[in-house]
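Please look over the sequence and the structure shown here. The paragraphs that follow go through a few places in it, one after another.

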Amino acid sequence: MFTVAMLLSANLNHRPEPLLPHDATQALQQALQELNEFRLRPCLPSRAETSLDVARELHLRREEAAFLERERMSVAAGAAAAPTHPDAFVAWFEELKRIGPGQNDPLFPWLAEHASLEQIRWFLGQEVAGEAGFEDLLALTQVKMPPMVKLEMARNFWDEMGQGHQMAMHGPLLEKLARALDVKLPASQVVWEALALSNLMAAFACNRRFAFHSVGALGVIELTAPGRAALVNAGLKRLQVEPVARKYFALHATLDVQHSLSWNREVLRPLVAGDPHVARALAEGALMRLRAGERCFARYKRQFGLLDS
């Protein structure tokens, strides 16, 4: 029987020391961003052959593999505690919303109640830079998944695509907010923690050996994002940002709640029922994504001088 004590015993709040010096970490994440730009952006063959040669790509893929392995090791104990019975696993997964890494972080009430417009603009600049594109990640992840799982992913994807209406697509809604507040940052001003989050999600989606990690990571976004989105929306509203500009966060404060319930029922449960070994990969992906977010929150709080308050 799954219990909260089982989850707590996994020591999910353990924070391993960084394995690379800061400058090396920044350089690595910028290089991995270069890799993802190359392999995800549509281009013509001549441009593909000259923009990033095969030797460079191979080197970066090795760096990516090492990065993923370090991230996996940081969550090994927590993921090992995940149950392999379908119902117990879903209960374990849903408990991450309450006590998973980065949950109930005081950064978000502060953004809702106290942050200035310039502080929220900086925060959003980092978040936009770290956004890998949920709909694209979902499209890559669903390849060759079982029919029931693929159908739920398709329903989720269709919502991300605005139910077929361009003005309601979620990606462009975020772009609209970014333009309205002029939050786009040059690469040199994006912190490595935000880049690492984006690179982690892209690595999951682009490497089929991490397909189930991607499922866990996408599912935990749906599970945990609504509360944070509601607080960011509250901060934008307090600062009198127009509703049309903050629609992205207002929408995700409510829609993702239903997405999460459906994902847990129609994606996670069938996958674990079909193969209990999948539970470990789903758990690793979820915890790796939560830790990446937790790192971002800590970095943002240092920027705002909140760690000592």
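Leaving aside its neighbours within four places in sequence, which residues is Asp105 in contact with? The model to search is a predicted one. In it, Asp105 contacts Phe297 and Lys301, once neighbours within four places in sequence are left aside. Asp105 belongs to the loop between helix H6 (86–99) and helix H7 (107–113). With a relative accessible area of 10%, Asp105 is buried, because buried means under 20%.

Helix H7 is also the place of Ala112. Ala112 is buried too, its relative accessible area being 9%. Not counting residues up to four places away in sequence, Ala112 touches Leu231, Ala234, Gly235 and Arg238. For one of these, Leu231, the separation from Ala112 is 119 residues in sequence, while the C-alpha to C-alpha distance is 5.1 Å.

Next comes the nonpolar core. The largest such core has 85 residues, and those with the most contacts inside it are Phe89, Leu107, Leu111 and Leu124. Helix H16 (residues 278–304) supplies the largest share of this core, 13 residues. As for Leu124, its contacts beyond four places in sequence are with Leu177, Leu181, Val183, Val232, Leu236 and Phe249.

A pair of helices can be treated in another way. Two packed helices are described by the angle between their axes and the distance between the axes. For helix H9 (residues 134–141) and helix H12 (residues 192–206), the axes come within 8 Å and cross at roughly 25 degrees. H9 is therefore roughly parallel to H12, since angles under 35 degrees count as such. The crossing in which H9 passes H12 is left-handed. On the H9 side the contact is made by Leu137, Leu140 and Thr141, and on the H12 side by Met201, Ala202, Ala205 and Cys206. Sorted by kind, the residues of this contact are six nonpolar, one polar and no charged.

The last stop is the loop between helix H11 (170–181) and H12, where Pro186 lies. Is Pro186 buried, partly exposed or exposed? Its relative accessibility is 40%, so Pro186 counts as partly exposed, the class between under 20% and over 50%. Pro186 and Gly125 are 61 residues apart in sequence, and their C-alpha atoms are 9.3 Å apart in space.

Terms used. Residues numbered from 1 in each chain as written. Predicted model: local features only at pLDDT ≥ 70, side-chain atom pairs only at ≥ 80, totals over all residues. Heavy atoms only, no water. Core = buried A, V, L, I, M, F, W, Y, C linked by side-chain atoms within 4.5 Å. Buried < 20%, exposed > 50% of the residue type's maximum accessible area, 1.4 Å probe, protein only. Helix = DSSP H or I, 4+ residues; strand = E, 2+ residues; numbered from the N terminus. Contact = heavy atoms within 4.5 Å. Axes fitted to C-alpha atoms, helices over the stretch in contact; angles between N-to-C directions. Parallel < 35°, antiparallel > 145°, perpendicular 65-115°, else oblique. Left-handed = near helix turned anticlockwise from the far one by under 90°. Nonpolar A, V, L, I, M, F, W, Y, C, P; charged D, E, K, R; others polar.
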